[in-house]
Amino acid sequence: LSLVSNTSTPYNHSINALNPNLTAGEANIIVVGREGATNNAGYLGFKYAADGDNSNLISLGHWGNNFQLNVTGNGRVGIGTESPDGELHVESSGNGDVYVERTSGAKIHLQAQSALGNIGTASNHDLGFMTNASVRMRIKNDGNVGINSNATNAKLEVVATSGEVFRADSNNGAYRLVANQTGVNMQGAVNILGTTLIDGLS
């Protein structure tokens with residue numbers, strides 16, 4: 001089959017495969033593959049929901065495993081779901097896994113389990129958290145955590161060149177521990193293992 005179109009418009013129709021009799025839940029598909037058997041053929045299809053509705057889908061699927069990759073009328077993409085909640089929605093009956101990998105580099109893993117959500121690296125690399133295009137917090141591949149630091153010295157390392165480095169408040173500020181550029185300030189009682197060593201420190 002060879003199709004040649006000599007028109008030049010923003011949308012040049014080389015093939016129109018339309019079915020005006022589709023009702024809600026029905027699909028019009030084009031099948032390609034080896035044979036009509038499970039996973040031996042695939043299709044590009046359109047699944048109709050309602051006239052002009054965003055729930056109408058453009059879909060890719062396999063014979064016997066239907067509607068695996070879906071694009072809604074408003075441009076949302078669903079993998080494993082026909083009703084994506086956002087611009088990209090991945091759903092699975094088991095753990096839902098998304099990987100982003102650079103060749104010979106870091107491999108980021110986003111996973112949804114039945115009772116836990118995970119995000120991290122599936123490779124031997126650090127995980128960074130960014131704001132304004134800069135890494136602000138880093139979890140090292142050995143588990144150390146650094147804020148404005150590479151976290152090479154301790155399980156938790158916080159570094160600041162100005163202002164407060166650390167603050168912990170309780171009881172509306174009645175008890176406070178603050179580390180800044182000039183020292184460490186404490187307010188309230190200091191207890192170690194239930195014994196009050198200093199009371200009313202401020």
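**Close-up 1. The largest pocket has a volume of about 270 Å³.** This is a predicted model, in which local features need pLDDT of at least 70 and side-chain atom pairs count only at pLDDT 80 or more, while totals for chains, interfaces and linings use all residues. Residues are numbered from 1 along each chain as its sequence is written, and side-chain values use heavy atoms, with hydrogens and water left out. A pocket here is an open set of points on a 1 Å grid over the protein atoms alone where a 1.4 Å probe fits, with protein on both sides within 12 Å along at least five of seven lines; lining residues have an atom within 4 Å of a point. The volume is the space filled by probe spheres set on the points, which are joined across faces, edges and corners.

**Close-up 2. Meet the residues around the largest pocket.** Its lining includes A17, L18, N19, L22 and I58. Strand 1 (27–33) and strand 2 (41–47) are the elements that each give two or more residues to this lining; strands are DSSP runs of E with at least two residues, numbered from the N terminus.

**Close-up 3. T81 sits in the loop between strand 5 (77–79) and strand 6 (88–90).** Leaving aside residues up to four places away in sequence, T81 touches N70, H89 and E91 (contact means heavy atoms within 4.5 Å).

**Close-up 4. Three strands form an open antiparallel sheet in the order 7-8-9.** Strand 7 (96–101) and strand 9 (117–121) stand at the edges with a single partner strand each, so one side of each has no neighbour in the sheet. Strand 7 pairs with strand 8 (residues 107–112) over six bridges, where pairing takes at least two DSSP bridges. G96 stands opposite A112 in strand 8.

Note on methods. Helices (H or I, at least four residues) and strands (E, at least two) are DSSP runs, numbered from the N terminus.
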